[in-house]
Amino acid sequence: MNKIIGWICAVLLPFSFALSAIETNTAVKVTPVLKTSQSWDGVSLSYPQGQAEITGVRIEIAPGGETGWHLHPVPSFGVVLQGQLEIRLINGKKNVVKAGDALAEVVNTAHSGKNIGTEPVLLLIFYAGAVGQPNSTPVAEG
C-alpha cells in the first residue's frame, strides 16, 4: 500500500503549484514522473467546464486482455505499475507503455488498450473531470 501511495504522490506532485516548496532532503525525495500540456499523441489538453472532480482508479488487465474501444471526454493521466500495454488509436497510431512509464491519455479520441505481455497490466489512472460528466465512454470500433 505504501508503494501505491508513493506512486500517487509522485504522479500528483508535478502538477502542484507548490512543487518548488517541497525540497528534497534526506527524508523526502521528489522525482517528477510527468509534466505536460499535451496528451501522448501531441494534442493540447484542456479542462472541462463545471465543478472539478478528480477520480483515481486502479485497472488490471489480464495477459491478452483488451479494454475495448472507448474515449475519455476529460483529461487523464496515469502510471503503469506492472506489465506492458499497447494503446491503439482508430487511425492506426500505436503507443506501447511498460512498468514505470507515465502518460497523459488522449482526450475525445477513440482508442483501445491490449496487454501484450505475459503478466497482468496494472495501471493507476487519474481523471481530471467534472461532477456529472463521465470519465470514459465506450465506442464502436471503426
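Helices and strands here are DSSP runs numbered from the N terminus, with at least four residues (H or I) for a helix and at least two (E) for a strand. Keep in mind that this is a predicted model, in which local features need pLDDT of at least 70, side-chain atom pairs count only at pLDDT 80 or more, and totals for chains, interfaces and linings use all residues. Residues are numbered from 1 along each chain as its sequence is written, and side-chain values use heavy atoms, with hydrogens and water left out.

Is Gln51 buried or exposed? With a relative accessible area of 57%, Gln51 is exposed, because exposed means over 50%, buried means under 20%, and partly exposed lies in between (1.4 Å probe, protein chains only). Leaving aside neighbours within four places in sequence, Gln51 is in contact with Gly129, Ala130 and Val131, where contact means heavy atoms within 4.5 Å. Gly132 is 81 residues away from Gln51 in sequence, yet their C-alpha atoms are 8.8 Å apart in space.

Now step back to the whole protein. There are one helix and nine strands, and from the N terminus on the order is α-β-β-β-β-β-β-β-β-β. Of the 142 residues, 33% count as buried. Among the contacts with a separation of 6 or more, 74% come from residues 24 or more positions apart. The accessible surface comes to about 8300 Å², and 55% of this belongs to carbon and sulfur atoms; such areas come from the Shrake-Rupley method with a 1.4 Å probe, and for residues only the protein chains shown count as cover.

Next, look inside. A nonpolar core is a set of buried Ala, Val, Leu, Ile, Met, Phe, Trp, Tyr and Cys residues joined through side-chain atoms within 4.5 Å. The largest one has 14 residues, and Trp40, Leu85, Ile87, Val97 and Leu123 touch the most other members. Strand E4 (84–89) and strand E8 (121–130) are the elements that give two or more residues to this core, and E8 gives the most, with four residues. Not counting residues up to four places away in sequence, Ile87 touches a list of residues including Trp40, Val97, Leu103 and His111. Lys94 is also one of the residues that Ile87 touches, and we will meet Lys94 again below.

Aromatic rings come next. The structure holds one aromatic pair. How are the rings of Phe77 and Phe126 placed? Their centres are 5.6 Å apart and their planes stand at 25 degrees, so the pair is stacked. For rings of Phe, Tyr and Trp (its six-membered ring), a pair needs centres within 6.5 Å; planes under 30 degrees apart count as stacked, over 60 as edge-to-face and the rest as tilted. Phe77 lies in strand E3 (residues 76–82) and Phe126 in strand E8, so the pair ties together parts that are 49 residues apart in sequence. Both partners are shielded: Phe77 is buried, with a relative accessible area of 14%, and Phe126 is buried at 8%.

Charged side chains are the next stop. How many salt bridges does the structure hold? There are five, a salt bridge being a side-chain nitrogen of Lys or Arg within 4 Å of a carboxyl oxygen of Asp or Glu. One of them joins Arg58 and Glu60, with the closest N and O atoms 4.0 Å apart; Glu60 is exposed, at 53% relative accessibility. Glu86 takes part in a salt bridge with Arg88 (4.0 Å, N to O) and in another with Lys94 (4.0 Å, N to O). Glu86 is buried at 15% relative accessibility, Arg88 is partly exposed at 21% and Lys94 is exposed at 52%. Salt bridges that share partners join Glu66, Glu86, Arg88 and Lys94 into one network.

Finally, visit His70 in strand E2 (residues 70–71). His70 is buried, with a relative accessible area of 12%. A polar atom of the His70 side chain lies 2.8 Å from the backbone oxygen of Gly68. Beyond residues up to four places away in sequence, His70 touches Thr109, Ala110, His111, Ser136, Thr137, Pro138 and Val139.

Terms used
A polar contact is a pair of N or O atoms within 3.5 Å; within protein, one must be able to donate a hydrogen and the other to accept it, and residues adjacent in sequence count only if both atoms are side-chain atoms.
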